[in-house]
Amino acid sequence: MIFNGGIGRFTPQAQAALRIVAALVFMQHGLEKLFHFPAAGHFPGPFVLFSMPGVAGILETFGGLSLVLGLFTRPVAFLLCGEMAVAYWTVHFRVGLALHNGFFPAVNNGDAAVLFCFIFLFIWVAGPGAWSLDGLRVRPKTVALSA
């Protein structure tokens with residue numbers, strides 16, 4: 001049966017697919033903050049580097065790129081997990097309470113922040129999976145046999 005047997009052998013590829021797709025979607029949020037592309041209209045003002053959206057845009061764009069490539073995957077995933085936790089509690093939850101939208105992510109538009117937070121937490125714990133530059137950087141050492 002496909003669900004009981006050999007499907008587990010594809011776990012590294014599934015991890016990599018989750019990492020790459022999540023990072024590509026995540027990068028869109030950063031690119032919107034930095035370059036207003038894709039133009040979703042969430043951040044219509046000018047880019048200000050030392051502002052919350054400015055720092056978030058840099059983390060989301062370049063952190064997302066790092067995850068797409070699978071480069072420094074675990075520390076970057078940990079950092080981005082923290083960023084998304086902060087984003088939820090300081091933006092979505094706080095603004096949701098102020099606007100009487102409440103705690104629930106589906107109501108205060110924090111669902112993406114919660115999902116990204118837990119996806120990045122998983123990537124931090126599980127690693128990059130297949131198809132990563134980290135996998136190329138860390139090769140097992142071969143032992144030379146002496147005659």
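This is a predicted model: local features need pLDDT of at least 70, side-chain atom pairs count only at pLDDT 80 or more; totals for chains, interfaces and linings use all residues.

## The nonpolar patch

Which helix gives the most to the nonpolar patch? That's α2, with 4 residues. Two helices, α2 (52-69) and α6 (133-137), each put in at least two residues. Take Leu65, which sits in helix α2: its relative accessible area is 37%, so it counts as partly exposed, between the 20% and 50% cut-offs.

## The loop between α1 and α2

Now for the backbone. The loop linking α1 (11-35) to α2 holds Pro38, and the peptide bond running from Phe37 into Pro38 is cis, with omega near -5°.

His36 lies in that loop between α1 and α2 too. Its phi is near 55°, a positive value in a residue other than glycine. With 32% relative accessibility, His36 is partly exposed.

For context, most residues other than glycine have a negative phi, and most peptide bonds are trans.

## The loop between α5 and α6

Over in the loop between α5 (111-126) and α6 you'll find Trp131. It isn't a glycine, yet its phi is positive, at about 55°.

Is Trp131 buried or exposed? Exposed: its relative accessibility is 56%, and the cut-off is over 50%.

Terms used. Residues are numbered from 1 along each chain as its sequence is written. Side-chain values use heavy atoms; hydrogens and water are left out. Buried means under 20% relative accessible area, exposed over 50%, partly exposed in between (1.4 Å probe, protein chains only).
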